[in-house]
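Subject: Structure handover and notes

Dear colleague,

I am passing on the structure that we spoke about, with the sequence alongside. Could you look it over and read the notes below against it?

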Amino acid sequence: MSSQNDIVSYNKKSVTDIPMAGKKVLLRCDFNVPMDDAGNITDESRITASLPTIKYLIEQGAAIIACSHFGRPDGEFKADFSLAPVAVNLSGHLGQSVKMAKDVIGPDATKLAAELKAGEVMLLENTRFHKEEEANDPEFSKKLADMADVYVSDAFGSVHRAHSSTEGVAKFLPAVSGFLLKSELDNLGKAIAEPIRPFVSILGGSKVSDKLGVIKNLMKKADVILIGGGMAYTFFKAQGGSIGTSLCEDSQLEAVLEMEKEAKERGVKLLLPKDTVTASEFSNDTEPVVYAAGEIPDNMMGLDIGPITIEEFKAEIAKAGTIVWNGPMGVFEFPKYAEGTRAVANAMADSDAVTVIGGGDSAAAVRQYGLEEKITHISTGGGASLEFLEGKVLPGIACLLDA
Ligand code: AMP
């Protein structure tokens, strides 16, 4: 693995690299699912995403002790944050009963774990019922680890956090990735570390301060960087343009100029929008008006990239060998201002390049347009994929055994 703030490439052992038969496996999943007030799971995709690894472990004859955090119970037992509904849902998918522990490292969990047989699955209670989880407390980690022989991490969405169940346990057990995490490393990781050129990065979203680290890091590898979304207006203002009431982070004016300078020095083509679709207020009930970027009247705000920019971005996407996209091109939640985001999504879907969506809102957009089957890889992590793209060392991956 290379160092902090570089292009990080991980080569880690996975669930198929070590024998699992007869082993008790502590499996860290991401079961932080959306639930309504009545405790109904409203989107089970995080549960279904865990099935390949669980089924493989069952087939191999392992006994599976699954665990996850769920919401923010602030380190104490709160019934509203129980993972019990997940155990019921998971049982349905597996066609076998998943035993729900009443606690995390307490007498019920340890007894169930000790009695668990090959091919059986149990689920620990919400790891965040203990404040020691987020503190990455070694004693708590050891108690979790003591229930098992092997640790398998399949919670990509949590690997940027050094918590007990994502990192601490790996100090006490042989630790490998599950299939979901492996797929993130193989796709997201490889696309950045060994891109087929030209490598085009597309960055959007609201705040430039959230993405500066990503732009800075991708600049080391990318041939082209396309900037859209709310963060483009900070660039225009820094260049002396008029941005009306568009989103702007005044604290970042110098940083974005520095970014443009660095791109020039590195020979990276950094493209900002040439035109922008504006509205008189932040609402879909407005009449979209197109202006040249940097020439927005005082009373208007930019909510999407304009038609000239769309064509220019499409042309770059069409030439690409690898495309990594994070952040919408505009306020895609408003249909009148979704054209830029939709056009980028469609262009990626039509491309023969390796196409990777770095989680969050761009992943939501691609799903909304029904294009997910046409994308090489859609990352399951929001914060984790951003930190991955930033080149930060992710503790939940770094702690796994090297291949
Ligand atoms: P982020 O979480 O930083 O990736 O930002 C995603 C959000 O940025 C989405 O909810 C978009 O509506 C918002 N966004 C994108 N472009 C703009 C814009 N021009 N003005 C305001 N918000 C925007």
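The lining of the largest pocket is made up of 10 nonpolar, 17 polar and 9 charged residues, where Ala, Val, Leu, Ile, Met, Phe, Trp, Tyr, Cys and Pro count as nonpolar, Asp, Glu, Lys and Arg as charged, and the others, Gly among them, as polar. Please bear in mind that this is a predicted model, in which local features need pLDDT of at least 70 and side-chain atom pairs count only at pLDDT 80 or more, while totals for chains, interfaces and linings use all residues. Residues are numbered from 1 along each chain as its sequence is written, and side-chain values use heavy atoms, with hydrogens and water left out.

The volume of this largest pocket is about 800 Å³, and of its 36 lining residues, S45, R46, R367, S379 and T380 lie nearest the centre. Two or more lining residues come from each of α1 (45-59), α12 (360-368), β17 (377-378) and α13 (383-390), and α1 gives the most, with 4 residues. A pocket here is an open set of points on a 1 Å grid over the protein atoms alone, where a 1.4 Å probe fits, with protein on both sides within 12 Å along at least five of seven lines, and lining residues have an atom within 4 Å of a point. Grid points are joined across faces, edges and corners, and a volume is the space filled by probe spheres set on the points. Helices (H or I, at least four residues) and strands (E, at least two) are DSSP runs, numbered from the N terminus.

The second largest pocket has a volume of about 450 Å³; it is lined by 32 residues, with G205, S206, K207, P328 and D361 closest to its centre. At least two lining residues each are supplied by α7 (208-218), β14 (301-305), α12 and α13, with β14 giving the most, 5 residues. This lining divides into 11 nonpolar, 15 polar and 6 charged residues.

N136 sits in the loop between α4 (131-135) and α5 (138-146) and counts as buried because its relative accessibility is 17%, buried being under 20% relative accessible area, exposed over 50% and partly exposed in between (1.4 Å probe, protein chains only). The side chain of N136 reaches the backbone nitrogen of G168 at 3.4 Å, and, neighbours within four places in sequence aside, N136 is in contact (heavy atoms within 4.5 Å) with S141, A162, H163, S164, E167, G168 and K171.

T245, in the loop between β9 (242-243) and α9 (253-266), is partly exposed, with a relative accessible area of 44%. The C-alpha atoms of T245 and S280 are separated by 8.7 Å, the two residues being 35 apart along the chain.

Finally, the aromatic rings: there are 7 aromatic pairs, counted for rings of Phe, Tyr and Trp (its six-membered ring) whose centres lie within 6.5 Å, with planes under 30 degrees apart taken as stacked, over 60 as edge-to-face and the rest as tilted. Y233 and F236 form an edge-to-face pair, 5.9 Å centre to centre with 70 degrees between the planes; they are separated by about one helical turn because they are 3 residues apart in helix α8 (residues 232-238). Y233 is buried at a relative accessible area of 3%, and F236 is buried at 5%. Ring pairs also link Y10, F156 and F388 into a cluster.

With best wishes

Key:
Polar contact = N/O pair within 3.5 Å; in protein donor to acceptor, adjacent residues only side chain to side chain.
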